[in-house]
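The sequence and structure come next.

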Amino acid sequence: MRGVDPSLVDRVRVELARDAGAVTPGRVAAAVRSAGAVLGDVGLLDVVDALRAELTGAGPLEPLLADPTVTDVLVNGDRGVWVDRGNGLEQVRVHLGDETQVRRLASRLAAAGGRRLDDASPYVDARLPGGVRLHAVLPPLADGGTHLSLRVPHRRTLSLDDLRDCGTVPPSWLPVLQAVVARRCAFLVTGGTGSGKTTVLGSLLSLVPDRERIVVVEDCSELRIDHGHVVRLESRAANVEGQGAVTMTDLVRQALRMRPDRLVVGEVRGPEVRELLTALNTGHEGGCGTVHANSARDLPARLEALGALAGLGREAIQAQAAGALQVVLHLRRCGGLRRLVELGVVARDADHLQVLPALVADQANPSSDGTCGPGWSALRDRLEE
């Protein structure tokens with residue numbers, strides 16, 4: 001979209017606000033004439049696009065969200081706008097107006113996602129109609145003005161071949177990953193924020209045979225799966241009276257009554273870990289999910305912390321995890337590239353739960369096969385059973 005005079009857009013918006021109705025080119029043309037401006041066909045179309053983005057879209061951020069290379073758009077209050085195109089963050093020149101306009105944009109986006117953003121609810125996490133994930137924080141919680149974080153989903157589900165071609169997955173690991181899914185191993189994908197956990201999980205679940213029913217539980221729906229039988233459940237926040245909340249724990253319990261062949265928890269970050277591990281210990285093979293963790297070997301400590309939120313002690317969570325989980329996939333951001341750097345096997349000795357590295361990638365050479373670790377023989381035996 002070409003540059004449009006913001007003051008003209010404001011004047012036209014005021015004219016359109018006098019009467020309700022859709023933003024059509026005819027109404028915009030009449031409003032432009034009332035605002036005292038003269039535009040040709042191209043200029044009129046630009047004003048229409050700008051107004052539609054302002055009224056129903058992401059305003060000046062709309063072109064960035066439409067860019068197929070952009071994965072994240074970040075608005076840092078009065079300190080500018082940044083994007084990630086797969087090579088790390090870079091600042092871009094976008095005019096968002098003053099703080100009042102940025103706050104109005106954030107509130108409108110929150111409303112589009114069915115959430116509330118105001119002084120009483122100064123932060124929000126929501127999914128927009130097009131699939132973009134929104135997080136917004138208002139001052140004074142955020143210093144320097146309203147902050148927005150927009151996560152743009154992939155336009156299509158990436159296959160394992162796609163992940164291999166872009167350097168996320170070492171080529172020789174593809175048969176192992178395919179076997180993990182085919183043998184119905186229960187696994188967790190770990191990593192930091194933005195490391196590609198959801199993308200890899202969606203690629204793996206796309207390998208599940210169509211005859212199997214996948215039930216997905218998420219706090220904010222973003223997992224994309226190329227599969228013919230997917231049921232999606234999404235949690236719900238409480239309303240302004242504090243009523244009506246539906247938690248992840250509630251949904252995992254409901255999912256178990258929906259005859260899942262594969263139970264998937266998009267992101268395990270609370271007491272729902274108890275229900276997930278219980279399900280995987282009671283015949284629900286092939287379940288999976290993602291967990292934030294610094295490394296694969298840190299997963300046991302992370303599960304212990306989550307288990308404490310569910311009232312489980314250290315011994316209980318370790319016993320549940322040892323019986324439920326088999327494989328761990330760990331991802332890390334290496335510069336601007338998201339990479340699968342380790343496959344681990346869950347094991348338990350007399351004292352504690354541990355994740356033994358089975359395959360470790362060479363981070364300096366994405367195309368190499370990496371090396372085998374002490375857990376490789378155990379992983380190979382499980383996949384050959």
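## Disulfides

The count of disulfides, taken as pairs of cysteine sulfur atoms within 2.5 Å, is 0. Cys185 is buried, with a relative accessible area of 3%, whereas Cys166 is partly exposed at 39%. Buried here means under 20% relative accessible area, exposed over 50%, and partly exposed in between, with a 1.4 Å probe and protein chains only.

The model is predicted: local features need pLDDT of at least 70, side-chain atom pairs count only at pLDDT 80 or more, and totals for chains, interfaces and linings use all residues. Residues are numbered from 1 along each chain as its sequence is written, and side-chain values use heavy atoms, leaving out hydrogens and water.

## The sheet

An open sheet of mixed pairing holds 9 strands, in the order S9-S8-S10-S11-S7-S12-S13-S14-S15. At its edges stand S9 (230-234) and S15 (371-372); each has a single partner strand, so one side of each is left without a neighbour in the sheet. Strands (E, at least two residues) and helices (H or I, at least four) are DSSP runs numbered from the N terminus, and two strands pair if DSSP finds at least two bridges between them.

S11 runs parallel to S7, joined by 5 bridges, and Leu188 has Gly289 of S11 as its bridge partner. S10 and S11 are also parallel, with 2 bridges; here Val264 is partnered by Cys288. S12 (residues 327-334) and S13 (residues 337-348) pair in the antiparallel sense over 8 bridges, including one from Val328 to Gly344 in S13.

## Helices against the sheet

S10, helix H10 (residues 272-280) and S11 form a right-handed β-α-β unit: with the strands pointing away from the viewer, the path from the first strand over the helix to the second runs clockwise. Of the 5 residues of S11, 4 are buried.

Helix H8 (residues 197-205) lies across S7, S8, S10, S11 and S12, at about 170° to S11. Angles run from 0 to 180 degrees between N-to-C directions, the axes being lines fitted to C-alpha atoms, for helices over the stretch in contact.

## Nonpolar cores

A nonpolar core is a set of buried Ala, Val, Leu, Ile, Met, Phe, Trp, Tyr and Cys residues joined through side-chain atoms within 4.5 Å. The largest has 36 residues, and Phe187, Leu205, Leu329 and Leu343 have the most contacts inside it. Helix H7 (residues 174-182) supplies the largest share of this core, 6 residues. Apart from it lies another core, of 31 residues, among them Ala186, Val217, Val273 and Leu276.

Beyond its neighbours within four places in sequence, Phe187 is in contact (heavy atoms within 4.5 Å) with residues including Val180, Leu201, Leu204, Cys288 and Leu329.
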